[in-house]
Amino acid sequence: FLSVFGGEDGETVKTDENGFIRELEFIASVGTPFEIISVISKSDHSILQVTTPVYPSKIPIYIDSRFIAFLEGPLQKKEKLLLPAPEIIRSLKAMKGSPYMWGGNYNDGIEQMMVFYPPAVALSPERLSQWRLEGVDCSGLIFQASQEYTPRNTSWMINFGKGVSVSGLSAREISDQLLPLDLIVLPGHVVIVLDEKTTIESSHTKGGVVISDIVTRLDEIMQEWIPMDEWDSKGRTGFVVRRWYD
């Protein structure tokens, strides 16, 4: 954790060539259940290897013990509540202009990061935002707005809800088939339908959370990806539309 937030000079956030904090998988909200697999003791806290049904991961995931409360007994699954569609859409729109954050799904950021991993110097606004993990990634945007009703990763969205038939259609024809909150899922990314005219997404190439004209955005997608009714798990040449809120 210290190598990511501070490093040797105490003022650097470790990122890759794209500016992503690759170590960040997701941000656990209050009430997220964890099962502890192993404990790495530090001077005044521990780093815990954990599992959680909220984020079933094939790779090991870890959390700082200062963020959690310890409980005895069997692991309880977190209940999912389907919010009214207008409430989800309002939450989505409220995040317009937010920065893109790889692994981010808590747009306001985590203030405790400055307490548990304090920087050695005063940070620029951009570095401070990054250190606090402000912003959302593409699936984190709808994950937060729906209060964790939707899958956390795009790889889990390809079978979420039911498919919308879009194979062989033009961008205009596809837009006529879409309903608010439909998910346009392409390899490694998701675009969310807001209404009959617009989409919203969090994209690092677009500078964060943006709203776009739906036909224009579909045209952009279809320059690279083919509309499909079923996910192409081998060739990864196309995109699908999944309807989960109907």
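User: How many positive and negative side chains does the protein have?
Analyst: There are 23 positive and 33 negative side chains in the protein. The centres of the two sets lie 3 Å apart. Keep in mind that this is a predicted model.

User: Thanks! And how many helices and strands are there?
Analyst: The protein has seven helices and twelve strands. Its radius of gyration is 19 Å, close to the 18 Å from the globule rule for 246 residues, so the protein is as compact as a globular protein of that length.

User: What does the C-alpha trace span along its principal axes?
Analyst: About 60 × 45 × 35 Å.

User: Nice. What share of the residues counts as buried?
Analyst: Of the 246 residues, 47% are buried. The accessible surface comes to about 13200 Å², and carbon and sulfur atoms hold 51% of that.

User: What about contacts between residues 24 or more positions apart?
Analyst: Those account for 61% of the contacts with a separation of 6 or more.

User: Switching to the backbone: what is phi of Leu181?
Analyst: Phi of Leu181 is near 80°, a positive value in a residue other than glycine. Most residues other than glycine have a negative phi.

User: Where is Leu181 found, then? And is Leu181 buried or exposed?
Analyst: Leu181 is in the loop between helix 6 (171–177) and strand 7 (183–186). Leu181 has a relative accessible area of 1% and is buried, because the cut-off for buried is under 20%.

User: Got it. And what about phi of Gln147?
Analyst: Phi of Gln147 is also positive, near 55°. Gln147 sits in the loop between helix 4 (138–145) and helix 5 (154–157).

Methods
Residues numbered from 1 in each chain as written. Predicted model: local features only at pLDDT ≥ 70, side-chain atom pairs only at ≥ 80, totals over all residues. Heavy atoms only, no water. Helix = DSSP H or I, 4+ residues; strand = E, 2+ residues; numbered from the N terminus. Rg over C-alpha atoms; globule rule 2.2 N^0.38 Å. Buried < 20%, exposed > 50% of the residue type's maximum accessible area, 1.4 Å probe, protein only. Contact = heavy atoms within 4.5 Å. Areas by Shrake-Rupley, 256 points an atom, 1.4 Å probe, with all protein chains shown as cover. Lys, Arg positive; Asp, Glu negative; His and termini not counted. Charge placed at Lys NZ, Arg CZ, Asp CG, Glu CD.
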